[in-house]
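Me: Can you walk me through the aromatic rings in this one? I'd like to see how you get to each answer.

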Amino acid sequence: MTQILEFNQSSFYETTAIQALDPLLLDGSVVSIQQANAHGDKRFLTQLLVQLSSSLANLELGSEAAALAAMRDVGIVLGSLKRHGLEPISAVPQIEPLLAQLGEFCAMVPRDTVLHYTSWNPDGPRRRAYTDDAQERLLQAAVVKVFPSLSASLCISEWLRDIGPQDARCAPLVDSLHDLATVMVDSIDGVVKDVSPVFFARTLRPYFEDINIRGRAYLGPAAAQAPLWLIDLCIWASDRSSEGYRGFLDASVPYCLPSWRSYYEQLGTRESLVSRLRRCLENPEAAQDHNVLRSAASVARLLRMLKTFRGRHLGLARKAYAPEVRLYDEGSGGAPIALLQEILDLTLQIERFVLNKPSSAHSPATGEAEAPR
């Protein structure tokens, strides 16, 4: 592969351009991959990965978009092989340095991520999918729907980090985050309606297992990698998180875009908007400020929407990982169901903290919990 010195992060957002590319000529094998998965045909999948390795070794990369499309197409075979019990690098060792080069080229992990599997994946008959089940495509489409909103939330959060609750711009910016979060709720409602927990748990989940590359395990392209924390971090999680949530973020952030990782590093220890807001509300003079009151109302409204999303997510996860259904103890993002409950609890605590409700307030879903300090 030919290396390019200049790196243009804007290419990550050119989803249509990435979707259009077929650098390793995989279009003709999409149906065959699904058939091989249905029959557990490890021989075909191994031979295909050998073929892709040869194509990748001779590929002249002209852009980051081509590199992302190449990783997308290798990735669908990596996950397929692992699902059928083969470690891809052990089966086809020559792919390992090529994956490392692709990862370095794009400043990303050396395997496919949820972005490759969803947003950078072409639609229609060219759609890279592990199965021919319509439920897989519905799940992919749901994630595609939320990524533009999550990406936009980063820009809004960057503006919010430098202004206070007294600023007239604060409430409208938080309201914009609320509108973006609404898209996520609508999306997960569609998943609850159209995707069976049994299908996810027993058919799709095994394709998201981690693979070993250069002695390190890398998770599959699971929806858990979608960075809802882009909103959390600015609003409350930079200084009011928990050890469990922070550990999950530290493990998840490497799978994100370079600009998102940079945002996490810059904002990870700054004072959150909730902390700035509470300081204003505890000041008798500032607490009467119209803009502060508007900001408080907007933040509480946003937290309610995040709470709704997390409640839906937790309910879906509980069904998919129920003892009589699950094949794995942990979610596809590497976290136990208990962490989803913990994050929901945190969101509820932060909402009460903003509204200055007693910490003993009881939630049927979570029980009692103290407000964070």
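This is a predicted model: local features need pLDDT of at least 70, side-chain atom pairs count only at pLDDT 80 or more; totals for chains, interfaces and linings use all residues.

Me: How are the rings of F12 and W120 arranged: stacked or edge-to-face?

Reply: Their centres are 6.0 Å apart, and the planes sit at 25 degrees. Planes under 30 degrees apart count as stacked. So the F12 and W120 pair is stacked.

Me: How many residues apart are F12 and W120 in the chain?

Reply: F12 is in the segment before α1 (15–20). W120 belongs to the loop between α7 (114–117) and α8 (134–160). That pair links distant parts of the chain, 108 residues apart.

Me: Is F12 buried or exposed?

Reply: Look at the relative accessible area of F12, which is 3%. Anything under 20% goes down as buried, so F12 is buried.

Me: What kind of aromatic pair do Y117 and F208 form?

Reply: Centre to centre, Y117 and F208 are 5.7 Å apart, with 75 degrees between the planes. Over 60 degrees is the cut-off to look for here. That makes the Y117 and F208 pair edge-to-face.

Me: Which residue lies over the face of Y207?

Reply: Y207 is part of a cluster linked by ring pairs, along with Y117, Y130, F200 and F208. At 5.6 Å from the ring centre of Y207, you'll find R83.

Note on methods. Residues are numbered from 1 along each chain as its sequence is written. Side-chain values use heavy atoms; hydrogens and water are left out. Rings of Phe, Tyr and Trp (its six-membered ring) pair if their centres lie within 6.5 Å; planes under 30 degrees apart count as stacked, over 60 as edge-to-face and the rest as tilted. Helices (H or I, at least four residues) and strands (E, at least two) are DSSP runs, numbered from the N terminus. Buried means under 20% relative accessible area, exposed over 50%, partly exposed in between (1.4 Å probe, protein chains only). A charge sits over a ring if NZ of Lys or CZ of Arg is within 6 Å of the ring centre and within 35 degrees of the ring normal.
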